[in-house]
Amino acid sequence: MLSMKSNGNNSSSIISEGVKIEGDIHFPYQVEIDGIVIGDIISDDVLIIGKEGKVESNIKTKNAVISGKFTGDMSASGMVTITSTGKFIGNLTQ
């Protein structure tokens, strides 16, 4: 399930566990990935890869929190946090 929440000026999307997306995507707001994404991602806000999330991608984002598995290259203009459950395989450019 892909859902979007809006709280006034704050919007976010969730790619739920069990969902697989193949292709390039752009999020102008926060996104949480708990499913599988294969393809390039641009996030203008915070990109969160949840514990169950698996992402194979080239990512351009402002901030990121990695709690699941990420494989690829990431360019982040802000902070990147890799939690104790997170796995990052690739290159990070800041």
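Does S57 count as buried or exposed, and at what relative accessibility? At 7% relative accessibility, S57 counts as buried; here buried means under 20% relative accessible area, exposed means over 50%, and partly exposed is in between, with a 1.4 Å probe and protein chains only. The structure is a predicted model, in which local features need pLDDT of at least 70 and side-chain atom pairs count only at pLDDT 80 or more, while totals for chains, interfaces and linings use all residues. Residues are numbered from 1 along each chain as its sequence is written, and side-chain values use heavy atoms, with hydrogens and water left out.

Now for the overall build. The protein comes out with 0 helices and 11 strands; helices (H or I, at least four residues) and strands (E, at least two) are DSSP runs, numbered from the N terminus. Read along the sequence, that gives the pattern β-β-β-β-β-β-β-β-β-β-β. Of the 94 residues of the protein, 39% count as buried.

Next, how the strands line up. Two strands pair if DSSP finds at least two bridges between them. β4 pairs with β7 in the parallel sense over 3 bridges, and H26 has I42 in β7 as its bridge partner. β5 also runs parallel to β7, joined to it by 3 bridges, with I48 in β7 as the partner of E32. β7 in turn pairs with β8, again in the parallel sense, over 7 bridges. Along that pairing, I41 stands opposite I59 in β8, and V46 has N63 in β8 as its bridge partner.

β6 and β8 run parallel and are joined by 3 bridges, with V37 standing opposite V55 in β8. β8 and β9 pair in the parallel sense over 8 bridges, and I59 finds its bridge partner in M74 of β9.

In soluble globular proteins, nonpolar side chains tend to be buried together. A nonpolar core is a set of buried Ala, Val, Leu, Ile, Met, Phe, Trp, Tyr and Cys residues joined through side-chain atoms within 4.5 Å. The largest one here has 19 residues, and those with the most contacts inside it are I15, I33, V37, I41 and V55. The elements that give two or more residues to this core are β4 (25-27), β5 (30-33), β7 (41-49), β8 (54-66) and β9 (69-76). β8 gives the most, with 4 residues. Leaving aside residues up to four places away in sequence, V37 touches I15, I21, I25, K54, V55 and E56.

S57, the residue from the opening, has its place in strand β8. The side chain of S57 reaches the backbone oxygen of G39 at 2.6 Å. This is a polar contact: a pair of N or O atoms within 3.5 Å, where within protein one must be able to donate a hydrogen and the other to accept it, and residues adjacent in sequence count only if both atoms are side-chain atoms. Not counting residues up to four places away in sequence, S57 touches G39, D40, I41, F70, T71, G72 and D73.

D34 lies in the loop between β5 and β6 (36-38), and D34 is buried, with a relative accessible area of 18%. The C-alpha atoms of D34 and K51 are separated by 6.9 Å, although the two are 17 residues apart along the chain. With residues up to four places away in sequence not counted, D34 touches I14, I15, S16, E17, G50, E52 and G53.

Last come the charged pairs. Side chains of opposite charge can pair when their charged atoms come close. A salt bridge is a side-chain nitrogen of Lys or Arg within 4 Å of a carboxyl oxygen of Asp or Glu, and by this rule the count comes to 1. The side chains of K20 and E22 meet in it (3.3 Å, N to O). E22 is exposed, with a relative accessible area of 59%.

Technical notes: Contact means heavy atoms within 4.5 Å.
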